[in-house]
Amino acid sequence: MNKTDFITELAARTGRPATEVRKFVDKFFALATEVLAREEDVLFLGFGRFSPRKQNARLVRNPKTGAPAMFNGRTTVRFKPGKDLFNMINQK
């Protein structure tokens with residue numbers, strides 16, 4: 001399901017106009033992005049936790065040529081599913 005499909009489904013379930021739901025979803029993502037950029041977790045109890053994760057600079061190898069290269073450090077996002085989501089997906 002892509003973002004447009006998600007918005008359409010959410011609009012149908014809530015009875016709100018799709019344009020209103022789109023604005024809400026866009027603001028939701030913007031806020032989550034800002035919080036993660038501040039290196040804080042975004043936690044939704046039962047659903048999961050989004051956490052910023054630092055990756056340090058290190059020496060890596062090009063898998064095609066085997067030549068060494070330097071990987072610059074960066075911050076990425078890790079998602080850990082909550083207990084309710086995990087159980088729902090695994091039907092426990």
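This is a predicted model: local features need pLDDT of at least 70, side-chain atom pairs count only at pLDDT 80 or more; totals for chains, interfaces and linings use all residues.
Biologist: Start with the length of H2. What span should its 20 residues have?

Modeller: At 1.5 Å a residue, the 20 residues of H2 should span 28 Å. The end C-alpha atoms are 28 Å apart, which agrees with that value.

Biologist: Which residues of H2 are buried?

Modeller: A residue counts as buried when its relative accessible area is under 20%. In H2 this applies to Val 21, Val 25, Ala 32, Val 35 and Leu 36. They cover an arc of only 95° around the axis, so they sit on the same side of H2.

Biologist: Why do residues three or four places apart point the same way in an α-helix?

Modeller: An α-helix has 3.6 residues a turn, so residues at that spacing point the same way.

Biologist: What do the buried residues of H2 pack against?

Modeller: Their partners are H1, strand E1 (42–44), strand E2 (48–55) and strand E5 (74–81).

Biologist: And which residues are exposed on the other side of H2?

Modeller: Exposed means over 50% relative accessible area. On that other side, the exposed residues are Thr 19, Lys 23, Lys 27, Leu 31, Thr 33 and Ala 37.

Biologist: Where is Phe 28 placed, and is Phe 28 buried, partly exposed or exposed?

Modeller: Phe 28 is in helix H2, residues 18–37. Its relative accessibility is 37%, so Phe 28 counts as partly exposed. Phe 28 also belongs to a nonpolar patch on the surface, together with Phe 24 and Phe 29. The accessible area of the three together is about 320 Å².

Biologist: What comes just after H2?

Modeller: Glu 39 does, with a positive phi of about 65°.

Biologist: Now the charged side chains. How many salt bridges does the structure hold?

Modeller: It holds six. To count as one, a side-chain nitrogen of Lys or Arg must lie within 4 Å of a carboxyl oxygen of Asp or Glu. Arg 13 and Glu 9 form one of them, with their closest N and O atoms 2.9 Å apart. Both residues lie in helix H1 (residues 3–14), four residues apart, about one turn of the helix.

Biologist: How accessible are Arg 13 and Glu 9?

Modeller: Arg 13 has 67% relative accessibility and so counts as exposed. Glu 9 has 34% and so counts as partly exposed.

Biologist: Which residue does Asp 41 meet in a salt bridge?

Modeller: Asp 41 meets Arg 49, at 3.0 Å from N to O. Asp 41 is partly exposed, with a relative accessible area of 39%. Arg 49 is partly exposed too, at 35%.

Note on methods:
Residues are numbered from 1 along each chain as its sequence is written. Side-chain values use heavy atoms; hydrogens and water are left out. Patches are made of residues with over 30% relative accessible area and no salt bridge: like charges are joined within 9 Å, nonpolar side chains (Val, Leu, Ile, Met, Phe, Trp, Tyr) within 5 Å. Accessible areas come from the Shrake-Rupley method with a 1.4 Å probe; for residues, only the protein chains shown count as cover. Helices (H or I, at least four residues) and strands (E, at least two) are DSSP runs, numbered from the N terminus. Buried means under 20% relative accessible area, exposed over 50%, partly exposed in between (1.4 Å probe, protein chains only). The expected span of a helix is 1.5 Å times one less than its number of residues. The arc is that of the directions from the helix axis to the C-beta atoms. Contact means heavy atoms within 4.5 Å.
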